[in-house]
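Here is a briefing on a single predicted model. Please read it alongside the coordinates.

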Amino acid sequence: MTLDTVRQLALSLPGVKEETSGGMPAFRLRGKVLARFYKDGDTLALKTEYATREVLIGTHPEAFYVTENYRCWPWMFVRLSTVELRLLRGLLEDAWRPLASKRQIAAHEADANQRRTT
């Protein structure tokens, strides 16, 4: 998984913009960060729900982890070299959906439905 792949996935979600955070690429919706890269080039910090984070760390420890200073925040780290594309796509959408407007969600679902039928 590369920065370009993550960029393509994130920017396919309506309203998401690429900016920087800490000098690294970050993806935002309505000014809120959904995901950001770290300088090592293989780590993505991703906003998530606590329960989802615990399940993923337990079932895919090679791909997901959290550091002690992030334990109290709804974020986890993703090792891009080991995460599956399909899983990351869903997690990015999960981070996007609570911040998206009803119109953005409807546009995304219409696009997804159109892709399934073609």
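Arg7 is partly exposed, with a relative accessible area of 23%; buried means under 20%, exposed over 50%, and partly exposed in between (1.4 Å probe, protein chains only). Its side chain meets that of Asp4 in a salt bridge (2.7 Å, N to O). This is a predicted model: local features need pLDDT of at least 70, side-chain atom pairs count only at pLDDT 80 or more, and totals for chains, interfaces and linings use all residues. Residues are numbered from 1 along each chain as its sequence is written, and side-chain values use heavy atoms, with hydrogens and water left out.

**Salt bridges**

- The structure holds eight salt bridges, each a side-chain nitrogen of Lys or Arg within 4 Å of a carboxyl oxygen of Asp or Glu.
- Side chains of opposite charge can pair when their charged atoms come close.
- Asp4 and Arg7 both lie in helix H1, three residues apart, about one turn of the helix. Helices (H or I, at least four residues) and strands (E, at least two) are DSSP runs, numbered from the N terminus.
- Asp4 counts as exposed, at 52% relative accessibility.
- Glu54 bridges to Arg53, with the closest N and O atoms 3.3 Å apart. Glu54 is partly exposed at 40%, whereas Arg53 is buried at 2%.
- Arg97 and Glu109 form a salt bridge, their closest N and O atoms being 3.2 Å apart. Arg97 lies in the loop between helix H3 (85–96) and H4, and Glu109 in helix H4, so the pair ties together parts that are 12 residues apart in sequence.
- Arg97 is partly exposed at 28%, and Glu109 is partly exposed at 38%.
- Shared partners join Asp4, Arg7 and Glu18 into one salt-bridge network.

**Aromatic pairs**

- There are four aromatic pairs. Rings of Phe, Tyr and Trp (its six-membered ring) pair if their centres lie within 6.5 Å; planes under 30 degrees apart count as stacked, over 60 as edge-to-face and the rest as tilted.
- Phe27 and Phe37 are edge-to-face, because their ring centres are 6.3 Å apart and their planes stand at 70°. The pair links strand S2 (residues 24–29) with strand S3 (residues 32–37), 10 residues apart. Both Phe27 and Phe37 are buried.
- Tyr65 and Phe77 are stacked, because their centres are 5.3 Å apart and their planes lie at 25°. Tyr65 sits in strand S5 (residues 64–65) and Phe77 in strand S6 (residues 75–79).
- Tyr65 is partly exposed at 23%, while Phe77 is buried at 5%.
- Ring pairs link Tyr38, Tyr65, Tyr70 and Phe77 into a cluster.
- Arg36 lies over the face of Tyr38, at 4.4 Å from the ring centre. Such a charge has NZ of Lys or CZ of Arg within 6 Å of the ring centre and within 35 degrees of the ring normal.

**Thr43**

- Thr43 lies in strand S4 (residues 43–47) and is buried, at 4% relative accessible area.
- Its side chain makes a polar contact with that of Asp40 (2.6 Å). A polar contact is a pair of N or O atoms within 3.5 Å; within protein, one must be able to donate a hydrogen and the other to accept it, and residues adjacent in sequence count only if both atoms are side-chain atoms.
- Not counting residues up to four places away in sequence, Thr43 touches Arg36, Phe37, Tyr38, Tyr65, Phe77 and Val78; contact means heavy atoms within 4.5 Å.

**Confidence**

- Mean pLDDT is 93, and 99% of the residues score at least 70; pLDDT is the predictor's confidence in each residue, from 0 to 100.
- Confidence is lowest in helix H4 (residues 102–117), at a mean of 83, and highest in S5, at 98.
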